[in-house]
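Hello,

Here is the structure I promised to hand over. Please open it first, then read my notes below.

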Amino acid sequence: MSARRNLASFAKNGDAVSMRRGIGHYVSTGYGGSSTMSRRLGSISTTARSLSRALDPSNADPSLDRALLQGKSADEVIDAVVEAARPQDGTQDAEASREAIRSALSDLLRDHTDVDVLNLNDQQREFVIERYAAHDVYRRFSLDVGKHLLDNAPNATIGLARLKQVRNYIRQTIAESFRRLREAGQRMTTANVRATVAHALAESLAVFEGYLA
C-alpha cells in the first residue's frame, strides 16, 4: 500500500522523493525486503550468465550457430542471441528477460552503429550485461505496478514520462553498483558473471530499500 501511495504521488507530481520511497516500499513490502527480492530475481543473474556465453566469441555455445548468422541483419542476430540466452517458456518473467536483452543490445547498437554483435570486446559485453540487468529489473517493476503509476498520472504522456524517470533511476543505480564492483577489482567474466550480477543487484536493491531508513 505504501509503495502504491508514494508512486501515485510521484505519478501526479513527479517528485523524486516519492519515486524513491515508492520503489523502496516496492522492494520492502512487495518483495519482503532486498535480501528476499534478490533471491526472487535470481533468474536475472542466471540469464546474464547465458547471455554472456552467447556473446563470448571464444565460447562455443551450441544454441547459437555463429556460422549460420554471418551476413544476417542486426535484428536477426539479436533474435538469435535472445533465443540462446533466454528461450521462451510462456512465463511473464521469461518475456521480460527476453525484451530486456533486446533493449540492452539496442542500447549498444544505438551508441555503436557499426559494432558486430557476434564479436564484442570485453567492455562491450559488460555494457550489455549491465544494461540487461537494469532493463530486466525495470520490466519486473513495470509489470507489477506500472499500470498503477499510469492510472494515477494526469494523462498518458505524463505517465509514460514518469515510467521513463523510474527506468533511468533504476538503470543509474544498478550502473553505480557495477561501477563500485569494478573499482573494488571485481572484473566481470563469463566465468563469474552470475555472481557479479547477483552481487550488483543485491547492492542496488539495498540502495532502493535504504531510502526508507
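Let me start with the largest pocket. It holds about 170 Å³ of space. Keep in mind that this is a predicted model. The residues lining the largest pocket are S52, D56, D122, R125, E126, I129, R187, M188, T189 and T190. Helix α8 provides the largest share of that lining, with four residues.

Next, the core. The largest nonpolar core has 60 residues. Within this core, L51, V81, V166, I170 and V197 touch the most other members. At least two core residues come from each of α1 (2–13), α2 (16–30), α4 (42–55), α6 (74–85), α7 (92–111), α8 (122–152), α9 (156–183) and α10 (193–210). Which helix gives the most to this core? It is α8, with ten residues. As general background, nonpolar side chains in soluble globular proteins tend to be buried together.

Setting aside neighbours within four places in sequence, V81 is in contact with L51, A54, L55, L64, L105 and V117.

Now helix α2. Its 15 residues should span 21 Å at 1.5 Å a residue. The C-alpha atoms at its ends are 20 Å apart, so the two values agree. The buried residues in α2 are S18, M19, G22, I23, G24, H25, Y26 and V27. What do the buried residues of α2 pack against? Their partners are α1, α3 (34–40), α8, α9 and α10. Just after α2 comes G32, with a positive phi of about 80°.

On to the charged pairs. How many salt bridges does the count come to? The count is 18. Three of them are worth a look.

- R86 and D89: their side chains meet in a salt bridge, at 3.4 Å from N to O. R86 is buried, with a relative accessible area of 13%. That value puts R86 in the buried class because the cut-off is under 20%. D89 is partly exposed, at 45% relative accessible area.
- D107 and R110: the closest N and O atoms of this salt bridge are 3.2 Å apart. Both residues sit in helix α7, three residues apart, which is about one turn of the helix. Is D107 buried or exposed? D107 is buried, with a relative accessible area of 7%. R110 is exposed, at 53%. The cut-off for exposed is over 50%, so R110 falls in that class.
- E176 and R179: here the closest N and O atoms of the salt bridge are 2.2 Å apart. E176 and R179 are three residues apart in helix α9, so about one helical turn separates them. E176 is partly exposed, with a relative accessible area of 28%. R179 is partly exposed too, at 31%. Through salt bridges that share partners, E176, R179, R180, E183 and E203 join into one network.

Then turn to L51, which is among the core residues that touch the most other members and is in contact with V81. Finish with the network that includes E176 and R179.

Best wishes

How values were computed:
Residues are numbered from 1 along each chain as its sequence is written. This is a predicted model: local features need pLDDT of at least 70, side-chain atom pairs count only at pLDDT 80 or more; totals for chains, interfaces and linings use all residues. Side-chain values use heavy atoms; hydrogens and water are left out. A nonpolar core is a set of buried Ala, Val, Leu, Ile, Met, Phe, Trp, Tyr and Cys residues joined through side-chain atoms within 4.5 Å. Buried means under 20% relative accessible area, exposed over 50%, partly exposed in between (1.4 Å probe, protein chains only). Contact means heavy atoms within 4.5 Å. A salt bridge is a side-chain nitrogen of Lys or Arg within 4 Å of a carboxyl oxygen of Asp or Glu. The expected span of a helix is 1.5 Å times one less than its number of residues. On a 1 Å grid over the protein atoms alone, a cavity is a set of points where a 1.4 Å probe fits but cannot get out, and a pocket is an open set with protein on both sides within 12 Å along at least five of seven lines; lining residues have an atom within 4 Å of a point. Grid points are joined across faces, edges and corners, and a volume is the space filled by probe spheres set on the points.
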